[in-house]
There are 4 protein chains.
Amino acid sequence: MIKPGQLVMLVSPKNKRYFRVLQPDEILNTNDGRLQMQTVMEQGFGGRVYTHLHRPYTVIKPTLYDLIKAVKRQTQIIYPKDIGYIILKLGVAPGSKIIEAGAGSGGLTTALAWFTGTHGRVYSYERREDFAALCRSNLEKIGLESRVELINQDIATGFAQKNVDALFLDVRTPWDYLEHIPSALAPGGPVGFLLPTVNQVSTLLSAMQERPFSSPEVLEIMVRHYKPVPERLRPQDRMVAHTGYLVFARLDAPYPKINHHAAPDGEQESEIC
Amino acid sequence: MIKPGQLVMLVSPKNKRYFRVLQPDEILNTNDGRLQMQTVMEQGFGGRVYTHLHRPYTVIKPTLYDLIKAVKRQTQIIYPKDIGYIILKLGVAPGSKIIEAGAGSGGLTTALAWFTGTHGRVYSYERREDFAALCRSNLEKIGLESRVELINQDIATGFAQKNVDALFLDVRTPWDYLEHIPSALAPGGPVGFLLPTVNQVSTLLSAMQERPFSSPEVLEIMVRHYKPVPERLRPQDRMVAHTGYLVFARLDAPYPKINHHAAPDGEQESEIC
Amino acid sequence: MIKPGQLVMLVSPKNKRYFRVLQPDEILNTNDGRLQMQTVMEQGFGGRVYTHLHRPYTVIKPTLYDLIKAVKRQTQIIYPKDIGYIILKLGVAPGSKIIEAGAGSGGLTTALAWFTGTHGRVYSYERREDFAALCRSNLEKIGLESRVELINQDIATGFAQKNVDALFLDVRTPWDYLEHIPSALAPGGPVGFLLPTVNQVSTLLSAMQERPFSSPEVLEIMVRHYKPVPERLRPQDRMVAHTGYLVFARLDAPYPKINHHAAPDGEQESEIC
Amino acid sequence: MIKPGQLVMLVSPKNKRYFRVLQPDEILNTNDGRLQMQTVMEQGFGGRVYTHLHRPYTVIKPTLYDLIKAVKRQTQIIYPKDIGYIILKLGVAPGSKIIEAGAGSGGLTTALAWFTGTHGRVYSYERREDFAALCRSNLEKIGLESRVELINQDIATGFAQKNVDALFLDVRTPWDYLEHIPSALAPGGPVGFLLPTVNQVSTLLSAMQERPFSSPEVLEIMVRHYKPVPERLRPQDRMVAHTGYLVFARLDAPYPKINHHAAPDGEQESEIC
């Protein structure tokens, strides 16, 4: 038995995936005919249900990875490989309060809402109205919209929140907004950035030197998939070579800068990754 | 003001880090003298406190990354780069019930406990008594032990739990335990493995073909750090080249296998990583 | 002035490339009309010539990279990234005598012929007649066929040569032919292999332990291209993730094995790559 | 029998390597006692010789990789992984005439001299007298000095050669010398650069846009070594993460620029690497 309000993923015979916050009286219109959500509820996760045209659908409890793959996008979304690492570096946890800008299609927003839970709060800034609408629609489809305050506003005038646990900027010119971070982020709190080009990384690092940030880190994550054939195991022929550079730092506490690293240039950081 | 019971990280002038579940009446003995936790509580996150020898310590709210770095280890721990991805693929969320084996020093255990929160549950199997004790001690230090049921037992006889949301095996011969997974994991649920050698990956993939698992994926994650110098930006000279291969699959529901992938060989999966 | 017999590359306005061993009386039929090779000879490298339809062609002295890119292929060819490293590890030099099998479309053959020069010799075994013909045709087009003895024969019965300087096997089951190497390769000489799967690498390494080979090395080479835009410098979005694993070793001299490595497990080798 | 004048590598029981241009009357002083080169000559490659203290040495014909590993260095040398690719992209062949600057310790110089052979010519510029002396000494030890014209001079005033086949700059500010390339390099000829930082790459690309260069390419090469253990095959734990970025372009012929790429942004180039 699945409880009403739980999120379900319905997988078609052709592997098309439908995401639904379960409402027992809903009837889902699929490419393969109508599906009674009442039956889905009764069958439970791992169960099989049939459309009125007798096509079998599997009921699955989706993972966050499933949700991120399903985000409808008009923008470049942040990849799971990057999201997982961002979550760890930002210290996102059940109950966290997090600011992100810009929300874009809502890939990272989905992850932040997923982990902060019902007691946390995600403040998502998105300047463009169409992206904000898309992000909201993506969140609603999976029932996470109540955890997110979507703010359709430019961050040029700063953030309305105070003392949030972490802050992430996925914007083109993050250096323009550094000055607004200290009043929004808790002292000592982690801040992260995603940037596609080395020129942006360089400009951001320079700008951070003028501001109360310490322990800057720059890195990139690569995932290499293998063909899962036991007797001919080998990497896929091609891979994603680049999504973006991740930059992390910590907001200084309100007194002279300290260095969180023992090593002068972050060399030590490469020891654990 | 920090609430009693909250986790704090105290950073010494030489960047040594102490983790403490805040108890106002505790007095912490550091290399730089004694520190009153009452003062830490009053100063709050981002604050500065002084030992009785007048050495300044910074009070920081630790991130999960900080905690994983601080895990005392007698075993190879799982790296943050891998943990972040595992969390997404397993669908770990506040409230999740997760099985892992073996716990080792507790690096992944820490992450699982962090994300499943107070309403979830982590079942950690560890055969060796010394590792189980180390894992427990690592969890206690950061106040996450109540979320984890640490089971000092071999998994050769199976798992005591039913219907958990996800299962992760970090053991040398995971193929020996595949038969026990269906009775423990919810149908359709995600399962993950970490394996250092290609031979193990190959053996595991073969064994999974005989068992009710579908959508196998094999991948490796590489992190490359840069020297964060804006005017001479370049990667660090050396990097971690290998920690292990990650294998993921989904437990079949109790009827004929379906393929969760559209593409026959997982090629499509490489599109999102 | 280009000398008759020299290799020229003619680049069309649409960047189509023609390779020709210069013969002054030849008339080249291009997509853009006829081109007098006499004029090409007179204009020299870097010059511009016109077809009878007044389309401009540029005369370029091709690099080996240009030639390898132009190899007509019916097989997977070896990539320049791998070829460059193979050449160094095999010690290929002007005057070298080298055996390779199988020749395939002739990508590596081209490189071996290029570097061994007019005083060296390349012995290329290729079992399949169609591939041998293709390889020969590819070599003839660029005037390197006289440096190569193309042997359309299986290597199951061994090699006809003695005391060659180096030997490279790009065949599916190289372990089947290890026994024939000592009689063909100079003692202490380098041997190399290209293998697409980890299973093959593992099988080969095992087989080599039974034979007089030492200092085995296994490696893979990855090339990441960047978008050459100065103000938005970033890697290409996708890259070739895998072509094959390279394995190198040295044939023992005819007395007890010695270890050419100082380090027991080849760790030191990773210091220079 | 080895001919006088041939290069030999003598490998000690402890894997120390001595390089010698064979002179039959020389007596080599090793850590293990004196070695008669007359005996080395008679034993031939793959043979074993004994010092006057009865320690066995193996006689090996060195590969270029062996030579590059043995270069005595006071500077960062170019790695084999990069050298192999450079050689292919520059079109280095027996008989080529090549300019390089700066020579440094002579790692690339060694490779250029190796491949251009007795009929080619390497023009190596090195501003610093101590490096020039070291480079010369490294070349003499392996008998390649006669192929190299070592020019202890700054390239600020340009190159003395005309119409060389290729040109490579391994200097800190290559953009300062671009103006001198057209008078030294054959039109349409390849030019290459090695640069450690992204800032340098960006500056160089900008400068090349003002000069007669086309088809710029930027790339990096990574080599990952494996532990060669057949039953536990896995990558080494750590690897070299970065040596430098390689930039290649072609000098325009003396008329309006043409684009050697079909694709506008070099995307196609990533297809072959």
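Author: C:Arg224 stands opposite D:Glu220, a residue of strand 12 of chain D, and this pair belongs to a setting in which strand 12 of chain C and strand 12 of chain D run antiparallel and are joined by nine bridges. Strands are said to pair here if DSSP finds at least two bridges between them, while the elements themselves are DSSP runs numbered from the N terminus, with helices (H or I) of at least four residues and strands (E) of at least two. The model is a predicted one, in which local features need pLDDT of at least 70 and side-chain atom pairs count only at pLDDT 80 or more, whereas totals for chains, interfaces and linings use all residues. Residues are numbered from 1 along each chain as its sequence is written, and chains are lettered from A and ligands numbered from 1 in the order in which they are written.

Around this pairing, 73 residues of chain C are in contact with 73 residues of chain D, contact being taken as C-beta atoms, placed from the backbone, that lie within 7 Å. On the side of chain C that touches chain D, the elements giving two or more residues include helix 2 (64–70), helix 3 (80–90), helix 6 (198–209) and strand 12 (213–227) of chain C. Strand 12 of chain C gives the largest share of that side, with 12 residues. Sorted by class, the side of chain C that touches chain D holds 42 nonpolar, 18 polar and 13 charged residues, where Ala, Val, Leu, Ile, Met, Phe, Trp, Tyr, Cys and Pro count as nonpolar, Asp, Glu, Lys and Arg as charged, and the others, Gly among them, as polar.

Within strand 12 (residues 213–227) of chain D there is also D:Ser215, which has a positive phi of about 55 degrees although it is not a glycine. D:Ser215 counts as partly exposed because it has 18 C-beta neighbours inside 10 Å; on this scale a residue is buried if 20 or more other C-beta atoms, placed from the backbone, lie within 10 Å of its own, exposed if 12 or fewer, and partly exposed in between. A positive phi, about 75 degrees, is found in C:Asn15 as well, again not a glycine, and C:Asn15 sits in the loop between strand 1 (7–11) and strand 2 (17–21) of chain C.

Elsewhere in chain D, strand 6 (residues 56–60) has four of its five residues buried, so it is largely enclosed by the rest of the structure. Strand 6 of chain D pairs in the antiparallel sense with strand 1 (residues 7–11) of chain D over three bridges, and there D:Met9 stands opposite D:Ile60. Strand 5 (residues 48–50) of chain D also pairs with strand 6 of chain D in the antiparallel sense over three bridges, with D:Pro56 as the bridge partner of D:Tyr50. Strand 5 and strand 6 of chain D form a hairpin with five residues between them, and D:His54 in the turn has a positive phi of about 70 degrees.

One backbone detail of chain D remains: the peptide bond from D:Ala101 to D:Gly102 is cis, with omega near -10 degrees, and D:Gly102 is placed in the loop between strand 7 (97–101) and helix 4 (107–116) of chain D.

How values were computed. Two residues are in contact if their C-beta atoms, placed from the backbone, lie within 7 Å.
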